[in-house]
Structure formats: C-alpha cells, structure tokens
Amino acid sequence: MYLSKIKVENFRKFQSEGFYLQPGLNLLVGENDSGKSAIIDAIRQVLGTRDNDWLRLTSDDFHLSNVGRAKKLKIECRFDDLDEEQAGLFLEWLGIEDTEDSKKYFLRVWLEAERKDESEVTSRFDRLITASVK
C-alpha cells in the first residue's frame, strides 16, 4: 500500500491542487515558501500523528486570496495497491476498480473543515475526517 494522491483545496498556499506519488521514494523539491511543508502538514492533518506534536487547524491554514480567507478546506489522501490483508483491515471503506486481469483496491480518506465565523482571532472549526468510496 502506498499514498498515491494528495488533493488539497483551500489549504494554506493551495487553492486547488493535486499531487501524484509513485510507489517507493518520492521527493518534494522547491524554493523556500513554495508549499513543501504544507503538503506534509496536509497529510499529517488527515492521518494524525503519533509524535508529541498537537495538530490543530488555525485560521492561517485556510487559503488566503485577494478576496479574503476561504471559509472551507478539504484535504484528501488516496492509497493504492492494498494487498488482501491490508484490504481486510479497511474493508468498510474500500473502493474497488476493475482492471484487465484483476480487481484493484483503493482507500480514500479526507478531512473537511469549515470556519464558523469571520473573526480571525476567535474562529472555530468543525473538523470531519472520513473515509469512503467515491
């Protein structure tokens, strides 16, 4: 199993972007302030963390454009090439694609958040993390 796609909407620098990854080692390369850390943080927001960092969204995580700060954001991760044992662990949330000679399992997990008010200081967020077939 590997993370094959990350899709971000209104998260930090990214208004709407998709990033495709390959099995094995993937490198994020770019200039300072190009969004490399934002991609890693987006993955961590969806999947959580086991280290001592406390993850929480802030107003700064919502994309800022010339018309103002976004009210909603969405981060989606797709995992491909699950074997049967891995698929069994996520059976309720799996999608299946038919290929020429077999069935291919995939898992989509995403986070959606919405700012509850316009105040930058006291914004509250509803956070929904879900997995589903689409």
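Modeller: Please bear in mind that this is a predicted model. One place to begin is a network of salt bridges that links R12, D41, R44 and D61.

Biologist: How many salt bridges are found in the whole structure?

Modeller: A search of the whole structure gives 9 salt bridges. In general, side chains of opposite charge can pair when their charged atoms come close.

Biologist: Which residue forms a salt bridge with K7?

Modeller: The partner of K7 is E9, and their closest N and O atoms are 3.5 Å apart. K7 counts as partly exposed because its relative accessibility is 29%. E9 has a relative accessible area of 26%, so E9 is partly exposed too.

Biologist: And what does the side chain of D33 meet?

Modeller: D33 meets K13 in a salt bridge, at 3.9 Å from N to O. This pair links distant parts of the chain, 20 residues apart: K13 is in the loop between β1 (2-11) and β2 (14-20), while D33 is in the loop between β2 and α1.

Biologist: Is D33 exposed or buried?

Modeller: D33 is exposed, because its relative accessibility of 66% is over the 50% cut-off. K13, at 42%, counts as partly exposed.

Biologist: What about E76 and R108, where do they lie?

Modeller: The side chains of E76 and R108 meet in a salt bridge of 2.9 Å, N to O. E76 belongs to strand β5 (residues 72-80) and R108 to strand β7 (residues 103-115), so this pair ties together parts that are 32 residues apart in sequence. Both E76 and R108 are buried.

Biologist: How do β5 and β7 run, and how many bridges join them?

Modeller: They run antiparallel, and 9 bridges join them. Within this pairing, I75 stands opposite L111 in β7.

Biologist: Which residue of β7 does I96 stand opposite?

Modeller: I96 stands opposite Y105. Strand β6 (residues 94-98) pairs with β7 in the antiparallel sense over 5 bridges. A hairpin of 4 residues joins β6 to β7.

Biologist: Changing topic to the helix: how far apart are the end C-alpha atoms of α1?

Modeller: They are 17 Å apart. Helix α1 (residues 36-47) has 12 residues, which at 1.5 Å a residue should span 16 Å, so the two values agree.

Biologist: Which residues of α1 are buried?

Modeller: The buried residues in α1 are A38, I39, A42, I43, Q45 and V46. They lie on the same side of α1, because they cover an arc of only 160° around the axis.

Biologist: What follows α1?

Modeller: G48 follows α1, and its phi is positive, near 80°.

Biologist: How many residues does the largest nonpolar core have?

Modeller: That core has 24 residues, and L3, I6, V8, F11, L73, I75 and L111 have the most contacts inside it. At least two residues of this core come from each of β1, α1, β5 and β7. The largest share, 5 residues, is supplied by α1.

Biologist: Let me follow up on L3: what is it in contact with, leaving aside neighbours within four places in sequence?

Modeller: With those neighbours left aside, L3 is in contact with L21, I43, C77, R78 and F79. I43 in this list is also one of the buried residues of α1.

Terms used: Residues are numbered from 1 along each chain as its sequence is written. This is a predicted model: local features need pLDDT of at least 70, side-chain atom pairs count only at pLDDT 80 or more; totals for chains, interfaces and linings use all residues. Side-chain values use heavy atoms; hydrogens and water are left out. The expected span of a helix is 1.5 Å times one less than its number of residues. Buried means under 20% relative accessible area, exposed over 50%, partly exposed in between (1.4 Å probe, protein chains only). The arc is that of the directions from the helix axis to the C-beta atoms. A salt bridge is a side-chain nitrogen of Lys or Arg within 4 Å of a carboxyl oxygen of Asp or Glu. A nonpolar core is a set of buried Ala, Val, Leu, Ile, Met, Phe, Trp, Tyr and Cys residues joined through side-chain atoms within 4.5 Å. Contact means heavy atoms within 4.5 Å. Two strands pair if DSSP finds at least two bridges between them.
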